[in-house]
Amino acid sequence: MSEEFYSVDVLFHYAKRAAINSGIVNKGDTIVLTGGTPNGKSGNSNLINVETIPSSSKSI
């Protein structure tokens, strides 16, 4: 569960940044993000996004 963000796009952006900053993902890794609306509430996951971490973290 996370804090509430004003959009799922923003939620996914911060989730990717947190994963990169913590070192649990590396450039080129494929990640799966889940979320839903309203976000920040348990049990509302209705979205899934599969992405590859870009070679430049400035792209995020």
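Here follow questions and answers on a predicted model.

Visitor: What makes up the protein, read along the sequence?
Guide: The pattern is α-β-β. That is 1 helix and 2 strands. The protein has 60 residues, and 27% of them count as buried.

Visitor: Why is Val50 called exposed?
Guide: Exposed means over 50% relative accessible area. Val50 has 54% relative accessibility, so Val50 counts as exposed. Val50 lies in strand S2, residues 47–52.

Visitor: What makes Val32, Ile48 and Val50 a patch?
Guide: They are nonpolar and sit on the surface, with about 310 Å² of accessible area together. To be joined in such a patch, nonpolar side chains must come within 5 Å, and each residue needs over 30% relative accessible area.

Visitor: Why is Ser56 called partly exposed?
Guide: Buried means under 20% relative accessible area, and exposed means over 50%. Ser56 has 31%, which lies in between, so Ser56 is partly exposed. Ser56 is in the segment after S2.

Visitor: How do you know that the span of H1 agrees with its number of residues?
Guide: H1 has 15 residues. The expected span is 1.5 Å times one less than the number of residues. That gives 21 Å, and the end C-alpha atoms are 21 Å apart, so the two agree. After H1 comes Gly23, with a positive phi near 85 degrees.

Visitor: What makes the largest nonpolar core a core?
Guide: Its members must be buried and joined through side-chain atoms within 4.5 Å. There are 11 residues in this core, among them Phe5, Val25 and Ile53. Helix H1 (8–22) and strand S1 (30–35) are the elements that give two or more residues. H1 gives the most, with 6 residues. In soluble globular proteins, nonpolar side chains tend to be buried together.

Visitor: Which residues of H1 are buried, and what covers them?
Guide: The buried residues are Val8, Val10, Leu11, Phe12, Lys16, Ala19 and Ile20. S1 and S2 are among what covers them.

Visitor: What share of the accessible surface belongs to carbon and sulfur atoms?
Guide: The share is 49%, out of about 4200 Å² for the protein.

Definitions and conventions: Residues are numbered from 1 along each chain as its sequence is written. This is a predicted model: local features need pLDDT of at least 70, side-chain atom pairs count only at pLDDT 80 or more; totals for chains, interfaces and linings use all residues. Side-chain values use heavy atoms; hydrogens and water are left out. Patches are made of residues with over 30% relative accessible area and no salt bridge: like charges are joined within 9 Å, nonpolar side chains (Val, Leu, Ile, Met, Phe, Trp, Tyr) within 5 Å. Accessible areas come from the Shrake-Rupley method with a 1.4 Å probe; for residues, only the protein chains shown count as cover. A salt bridge is a side-chain nitrogen of Lys or Arg within 4 Å of a carboxyl oxygen of Asp or Glu. Helices (H or I, at least four residues) and strands (E, at least two) are DSSP runs, numbered from the N terminus. Buried means under 20% relative accessible area, exposed over 50%, partly exposed in between (1.4 Å probe, protein chains only). Contact means heavy atoms within 4.5 Å.
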